[in-house]
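Student: I have just opened this entry and would like to go through it with you. Could we begin with how the helices pack?

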Amino acid sequence: MPKWTSAGTVKAAQNQSIKVLTSGTTTLTSENLTEVKNLVNKAVEILDVCDRVTANYDKLPKQVNEVARNFFVLDDDLTQDQLLEIRAVLTLTRNGLANPNGLNLKFGNFPPRSTGSTAGYVNVHSGKKAAVQSVVKRNWTRISRPTGTVYKGDIHINANKLGDFGAEATLIHEATHKFADTKDFDERGYTYSNSPKQFRDEGLTTEEAFQNAESYAQFFVHVWLNTEL
Ligand SMILES: [Zn+2]
């Protein structure tokens, strides 16, 4: 288990304190801390724009359906229920990132996977010990599942991602894991950072897409990219 030490605290736009932690040889400059703040602000802004654009099912812009067909593997436009499902994840994720009680963000250099680098992760804790610890570590997020309660730990992001194109998608991806209990579906569910509109492997089903962290993250980012502000 790596040891995490504080690299500083920044205040983001919603007045939430972001505690930035690092481990091992990772060091962050004050410039990096500003990048962290900007990253959180940008992610919340992306989600706020998506919230606005998708608020009315009857007035859903065409581009929203186009993006949804791609990332949620749909043959048709979104149904009202599907939009509600997306908006539930959107709200949980947005409110988690803008939580007035603040947020821990951990930056490190993670060991690479066989298929590339690890952009980020969120640990899942369960059992009695986790329940007790979640009270002590207030940033563990309590999630109710049909199979029982689990707790989601802090958001970890690869330090190399800072200032990188796609960092917002990574933060939102991890935030949907933490706050909306989304999953990963390996190569079928991930996209390449230089080609984010395409899944790495074929075969993701629509049902899986609606649980897939990457589908949500890329949907939100692309709706935002395609919205004229
Ligand atoms: Zn993931």
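**Helix packing and overall shape**

Tutor: This is a predicted model. In the pairing of H2 with H8, Val64, Val67, Ala68 and Phe71 of H2 meet Ser215, Gln218, Phe219, His222 and Val223 of H8.

Student: Is the crossing of H2 and H8 left-handed or right-handed?

Tutor: H2 passes H8 in a right-handed crossing.

Student: Let us turn to H3 and H5. What is the angle there?

Tutor: Helix H3 (residues 80-97) and helix H5 (residues 167-180) pack at about 100°, with 9 Å between their axes. H3 and H5 are therefore roughly perpendicular to each other.

Student: Which residues make that contact?

Tutor: From H3 come Val89, Leu92, Thr93, Gly96 and Leu97, while H5 brings Ile172, Ala175, Thr176, Lys178, Phe179 and Ala180. By class, the contact of H3 with H5 has seven nonpolar residues, three polar and one charged.

Student: What about H1 and H3, how do their axes cross?

Tutor: Helix H1 spans residues 30-53, and its axis comes within 10 Å of that of H3, the two crossing at roughly 150°. That makes H1 roughly antiparallel to H3. H1 passes H3 in a left-handed crossing.

Student: Which residues of H1 and H3 are in contact?

Tutor: On H1 they are Val40, Ala43, Val44, Leu47, Asp48, Cys50 and Asp51, and on H3 they are Leu90, Thr93, Arg94 and Leu97. The contact of H1 with H3 divides into seven nonpolar residues, one polar and three charged.

Student: Now the whole protein. How many helices and strands are there?

Tutor: The protein has eight helices and eight strands. Its radius of gyration is 17 Å, close to the 17 Å given by the globule rule for 229 residues, so the protein is as compact as a globular protein of that length.

Student: What box do the C-alpha atoms fill, and what share of residues is buried?

Tutor: Along the principal axes, the C-alpha atoms fill a box of roughly 50 × 40 × 40 Å. Of the 229 residues, 37% count as buried.

Technical notes
Residues numbered from 1 in each chain as written. Predicted model: local features only at pLDDT ≥ 70, side-chain atom pairs only at ≥ 80, totals over all residues. Helix = DSSP H or I, 4+ residues; strand = E, 2+ residues; numbered from the N terminus. Rg over C-alpha atoms; globule rule 2.2 N^0.38 Å. Buried ≥ 20, exposed ≤ 12 C-beta atoms within 10 Å, placed from the backbone. Left-handed = near helix turned anticlockwise from the far one by under 90°. Contact = placed C-beta atoms within 7 Å. Axes fitted to C-alpha atoms, helices over the stretch in contact; angles between N-to-C directions. Parallel < 35°, antiparallel > 145°, perpendicular 65-115°, else oblique. Nonpolar A, V, L, I, M, F, W, Y, C, P; charged D, E, K, R; others polar.
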